[in-house]
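Trainee: Can we go through the aromatic contacts in this one? Start wherever you like.

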Amino acid sequence: MFSYSDMNLFLSIAKAGSFTAAAKSLHTTQSAVSRRLIRLEQEVGCRLLSRSQGGRQIVLTPSGRAFLTIAERYI
């Protein structure tokens with residue numbers, strides 16, 4: 001089961017458009033955000049985000065767009 005923290009993390013990344021901006025809004029580090037997202041993707045069983053080269057920008061995958069709807073309802 002997904003926690004509030006997991007959903008909030010995913011929404012923060014999706015809205016901010018980058019791990020760095022999401023980390024700033026969550027008052028944590030970019031590496032912590034990245035690790036938590038990897039763990040969430042493993043739990044979900046699919047990629048939720050595509051990272052651009054250099055990792056500065058993210059794009060939601062089709063699965064990520066579906067998960068965004070779930071996360072928004074959850075929060």
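**Aromatic contacts**

Mentor: F10 has 0% relative accessibility, so F10 counts as buried (under 20% relative accessible area; exposed is over 50%, partly exposed in between, with a 1.4 Å probe and protein chains only). This is a predicted model, where local features need pLDDT of at least 70, side-chain atom pairs count only at pLDDT 80 or more, and totals for chains, interfaces and linings use all residues. Residues are numbered from 1 along each chain as its sequence is written, and side-chain values use heavy atoms, with hydrogens and water left out.

Trainee: How many aromatic pairs does a search of the whole structure find?

Mentor: Two. Rings of Phe, Tyr and Trp (its six-membered ring) pair if their centres lie within 6.5 Å; planes under 30 degrees apart are stacked, over 60 edge-to-face, and the rest tilted.

Trainee: What's the geometry of F2 and F67?

Mentor: Their ring centres are 5.3 Å apart and the planes sit at 85°, so the pair is edge-to-face. F2 lies in the segment before α1 (4-16) and F67 in helix α4 (residues 62-74), 65 residues apart. Helices are DSSP runs (H or I, at least four residues), numbered from the N terminus.

Trainee: Is F67 buried or exposed?

Mentor: Buried, at 5% relative accessibility. F2 is partly exposed, at 22%.

Trainee: And F10 with F67, what angle are the planes at?

Mentor: 80°, with centres 5.1 Å apart, so that pair is edge-to-face. F10 is in helix α1 and F67 in helix α4, 57 residues apart.

Trainee: Which residues form one aromatic cluster?

Mentor: F2, F10 and F67.

How values were computed. Helices (H or I, at least four residues) and strands (E, at least two) are DSSP runs, numbered from the N terminus.
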